[in-house]
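The sequence and the model are shown first, and the description follows.

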Amino acid sequence: MAGTRLHVRHKSLNFGGVKNNFIFNIAFLAGSMMAPAMSGCSGGTARSVAPAAAETNKTEMVSVPQFSADSAMSNAASQVAFGPRVPGSYAHRRCADWIGERLQAAGADTVVVQTATLDDGTPMRNILGRFNLGNKRRILLLAHYDTRPWADEDPEPANRTRPIDGANDGASGVAVLLEAARLIGSVDAPGCGVDILLVDVEDSGNSGDDDSWARGSQYFADHMPYGATEPLPEAAILLDMVGGRDARFCREMFSQQYAAPVVDAVWRAAREAGHSDRFADAIGGAVNDDHLPFLRAGIPAIDIIETTNDQTGAFNPTWHTMADNLDNLDAATLKAVGETVITYIYNKK
Ligand SMILES: [Zn+2]
């Protein structure tokens, strides 16, 4: 990846959940990647949500299509049905094919498939569905679709070498984004361009190696498939583990530090969509996740992720365990996140 490397220290947490046991040096990019003032994009016509009174003096009606939680749950079930989506596996290839087909069917203007063999031999495939390509103002939505090859946080030692279903850690973000793709491609187009990126090889990392995580995103950030004169996305929004039971989302620490205007806009959208109970106005953990390569590349990127679970004080208790299955996926959580993202995309602030 170009330029500055993220410096991290391996130590125990003194705040929230750090996904891969990282705490970062907050000075790592000071001055080089301050997020520009950022907002959503211009809205369409017609019905429903008016911006919060505190944000504007005029009432602006925008068209916000209806997010289907059933459809999102079905998207998650389809992924789990392939089997664990471990890079290099048949299930993983089938799931990647299916994602590409779904983006196409949703009406993407183009689907870009980016393949590579990583230096340890891992095959990698990122899939990008591009909507409303004529609009140069673009928002990037992303989630990882691979699943962790080992349930290494499982309470039962015999399970710790088994692959997980990844209903929450993997399938949930993809499920929400494929439903978003369906709406963006088939209902009224939003007033901005939307790129929906499903990244690979996020979750095969080792706790002792910072760069062993988010490898599909690292590759994408190093090989962005945009035209030479095309501006970078104005913002990137990562969804990771967005289907936990009764999950509540706090402002992830890197996101807040380096892309606060985007966090503000998304949390405002949550409020407008009626999900303030799910999007707490508080700082959560710092997570080494797929948003970091985008931040390093100069794109204001945020991570919507559960890091303050009531039981664990960090991630959902199913994290990297065999219990990360469909039974523990919460349709109401998917709906809250999906409606928030759709409200963000369709509203101009
Ligand atoms: Zn994971």
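## Helix H1 against helix H3

Helix H1 (residues 69–81) and helix H3 (residues 167–186) have axes that come within 8 Å and cross at roughly 130 degrees. Here axes are lines fitted to C-alpha atoms, for helices over the stretch in contact, and angles run from 0 to 180 degrees between N-to-C directions. H1 and H3 are therefore oblique to each other; angles under 35 degrees count as roughly parallel, over 145 as roughly antiparallel, 65 to 115 as roughly perpendicular and the rest as oblique. The crossing of the two helices is right-handed, that is, the near helix is turned clockwise from the far one by less than a right angle.

On the H1 side, the contact is made by Ser-71, Ala-72, Asn-75, Ala-76, Gln-79 and Val-80. H3 contributes Ala-167, Ala-171, Ser-172, Val-174, Ala-175, Val-176, Leu-178, Glu-179 and Arg-182. Two residues are in contact if their C-beta atoms, placed from the backbone, lie within 7 Å. By class, nine residues of this contact are nonpolar, four polar and two charged (Ala, Val, Leu, Ile, Met, Phe, Trp, Tyr, Cys and Pro count as nonpolar, Asp, Glu, Lys and Arg as charged, and the others, Gly among them, as polar).

## Basis of the model

The model is predicted: local features need pLDDT of at least 70, side-chain atom pairs count only at pLDDT 80 or more, and totals for chains, interfaces and linings use all residues. Residues are numbered from 1 along each chain as its sequence is written.

The protein chain has eight helices and ten strands; helices (H or I, at least four residues) and strands (E, at least two) are DSSP runs, numbered from the N terminus. Of its 349 residues, 55% count as buried, a class that requires 20 or more other C-beta atoms within 10 Å of the residue's own, with C-beta atoms placed from the backbone.

## The six-stranded sheet

An open sheet with mixed pairing is formed by six strands in the order S3-S4-S6-S5-S7-S10. Strand S3 (110–117) and strand S10 (301–304) are at the edges with a single partner strand each, so one side of each has no neighbour in the sheet. From one strand to the next, the twist averages 20 degrees.

S3 and S4 pair in the antiparallel sense over eight bridges; pairing requires that DSSP finds at least two bridges between two strands. Val-113 stands opposite Ile-127 in S4. The hairpin of S3 and S4 has five residues between the strands, and Gly-121 in this hairpin takes a positive phi near 90 degrees. Strand S7 (residues 235–239) and S10 run parallel and are joined by four bridges, and Leu-239 has Ile-304 in S10 as its bridge partner.

## H3 between the sheet and helix H8

H3 lies across strand S4 (123–131), strand S5 (138–144), strand S6 (193–199) and S7, and runs at about 145 degrees to S5. H3 also packs with helix H8 (residues 331–346) at an angle of about 45 degrees, the axes being 10 Å apart. That makes H3 oblique to H8, and the crossing is right-handed.

Within H3, Val-174 counts as buried because it has 30 C-beta neighbours inside 10 Å. Beyond its neighbours within four places in sequence, Val-174 is in contact with Asn-75, Gln-79, Ile-99, Ala-143, Tyr-145 and Leu-198. Val-174 and Leu-198 are 24 residues apart in sequence and 6.9 Å apart in space, C-alpha to C-alpha.

Notes. A residue is buried if 20 or more other C-beta atoms lie within 10 Å of its own, exposed if 12 or fewer, and partly exposed in between; C-beta atoms are placed from the backbone.
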